[in-house]
Amino acid sequence: MHRLSKSVSIMFLFDLIVLAVSAGFWYSYTGLEKNLFLPVCMLIVLCGLITLYLKSNYEIREFNITSKNTYLLFEGVIFAHIPAAILLYFSESPILSITFLISNILTVFVILRIYRALFHIYLFHIKKTKNVLIIGTNNNAQIMAEEIKNKKALKMEVVGFIEDFQNAENTITENNKIYKKEELKEVIQQNNVDIVIVAIERRMENQFLTDMVFSIPKEVNVYKMPLFYEMVTGKYFVDTMSINWLFYDFMNKRSYIYDFSKRVFDIIAASIVLILTFPILLYIGIRVKLTDGESPIYTQKRVGKAGKVFNCYKLRTMYKNDYVPKNVKNGGYAESQDKDDRVIPFCRFVRKARFDEIPQMINILKGDMSIVGPRTEWEDLVNIYSKEIPFYICRQWVKTGWTGWAQINQGHCINNDDIAEKLKYDLYYLKHRNVLWEIGILVKAVFLALGGRHG
């Protein structure tokens, strides 16, 4: 996967230095046991960088100074210190350990927050804007221009378009100039173009390809529109041609090593999740059983790889259809309700934290689905989406997942337009899938679930 900016590498290095220096300083200052110095500092640095990465701190397209991002930064710094706190729990100096942790958390957060504020000023007010020239005036060119315009953190500006020599319909609505193909070299020079994006949908003429070779300087980066779209959005650009390319990418990336590694990852991860959450699941199950006397576990027909239908296990969080909740003196339910009255009140957080879907780990151990993949959907919904959303069936090339790239970026949705957008994340996953990335997706999903933000 390509990088759009070197600035994120600098931010990563700065964070590494801050985490290491701050941890080293406060550990020495508080006078904790010397034998734990190195492991504690290494844990804070490693967990800090991983946590900040999982919270999209190093995605330039997502960068902005907002109260939400400030909170996520603070939350990330807190999470980064949990392993070190567990290690220091066995220390002989609990007061000094607490002093160290609080001091280091505050120091790291303040410094990283100030740096990000300065980085924001640099990014939006000092950093040179990259000029982009798009070759083509079709709908793909328009889509790419809109994505660049909407993601201001990229610091890019579309300076114009080169006419589509194939006489395709001009769909450009932006207030940019449309140039003739003979003006390519002159346009690049006059506008100090940094990036050229080729958005031509069909094969280009040999003469025009040759003209581009001699018109575009070496320092100008050239990208195919679908690839640049991926870099800017983290989604796959979907059309007939790109799906054909995806087919070849997918087929050539098949590997017995990957399949074996992913299966091992699924078994280990599912087993760990089940073991760690069993006491919680048992407590929830007992409460659900006591609520209306019905079984806390139920199954749904879900569609997996190659369209195979299987029984998916879930923890019930809704009243049975024939169950009438008990009333209290002033009328209404015994426990407060939000939105959907079918949901058992104490199960609202259960659903937000996705504890109700943890029984799917049984399906993962059985091989019906995977930890990471396109979301597993109901059979009826799949039949509808497959008819109404082009290329939706391509999701079935791999096992469906408990979580996935689409879930951590967009969350749960049922509207057809949103599902079509979610498909772009799923196809991006199909193209770039690898076990290390999937481990990162799982860890991020756990973070989001614990915060009640996982879709």
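The side chains of Glu357 and Arg375 meet in a salt bridge, with N and O 3.3 Å apart; a salt bridge here is a side-chain nitrogen of Lys or Arg within 4 Å of a carboxyl oxygen of Asp or Glu. This pair links distant parts of the chain, with Glu357 in the loop between H12 and H13 and Arg375 in the loop between strand E8 (370-372) and strand E9 (377-378), 18 residues apart. Helices (H or I, at least four residues) and strands (E, at least two) are DSSP runs, numbered from the N terminus. The structure is a predicted model, in which local features need pLDDT of at least 70 and side-chain atom pairs count only at pLDDT 80 or more, while totals for chains, interfaces and linings use all residues. Residues are numbered from 1 along each chain as its sequence is written, and side-chain values use heavy atoms, with hydrogens and water left out.

Both Glu357 and Arg375 are buried, where buried means under 20% relative accessible area, exposed over 50% and partly exposed in between (1.4 Å probe, protein chains only). Glu357 also forms a salt bridge with Lys314, the closest N and O atoms being 3.8 Å apart. Lys314 is buried, as is Glu357. A further salt bridge joins Lys366 and Asp368, with 3.9 Å between the closest N and O atoms. Asp368 is buried, at a relative accessible area of 15%. Through shared partners, salt bridges join Lys314, Arg354, Asp356, Glu357, Arg375 and Glu377 into one network. The count for the structure comes to 15 salt bridges.

Glu377, a member of this network, is placed in strand E9. Its relative accessibility is 6%, and Glu377 therefore counts as buried. Leaving aside residues up to four places away in sequence, Glu377 touches Lys301, Arg302, Val303, Val382, Tyr392 and Arg395, contact meaning heavy atoms within 4.5 Å.

A search of the whole structure finds three cavities of 30 Å³ or more. On a 1 Å grid over the protein atoms alone, a cavity is a set of points where a 1.4 Å probe fits but cannot get out, and lining residues have an atom within 4 Å of a point. Grid points are joined across faces, edges and corners, and a volume is the space filled by probe spheres set on the points. The largest cavity has a volume of about 50 Å³. Its lining consists of Val303, Gly304, Arg375, Glu377, Val382, Tyr392, Arg395, Gln396 and Thr400. By class, three of these residues are nonpolar, three polar and three charged.

In helix H8 (residues 206-215), the buried residues are Phe208, Met212 and Ser215. They cover an arc of only 75° around the axis, which puts them on the same side of H8; the arc is that of the directions from the helix axis to the C-beta atoms. The face of H8 turned away from the buried side carries the exposed residues Asn206, Gln207, Val213 and Phe214. Strand E1 (130-135), strand E2 (156-162) and helix H7 (184-190) are among the elements that cover the buried residues of H8.

Leu448 is found in helix H17 (residues 435-450). Leu448 is buried, with a relative accessible area of 14%. Leu448 and Ile408 are 40 residues apart in sequence, and their C-alpha atoms are 7.6 Å apart in space.

Methods. On a 1 Å grid over the protein atoms alone, a cavity is a set of points where a 1.4 Å probe fits but cannot get out, and a pocket is an open set with protein on both sides within 12 Å along at least five of seven lines; lining residues have an atom within 4 Å of a point. Ala, Val, Leu, Ile, Met, Phe, Trp, Tyr, Cys and Pro count as nonpolar, Asp, Glu, Lys and Arg as charged, and the others, Gly among them, as polar.
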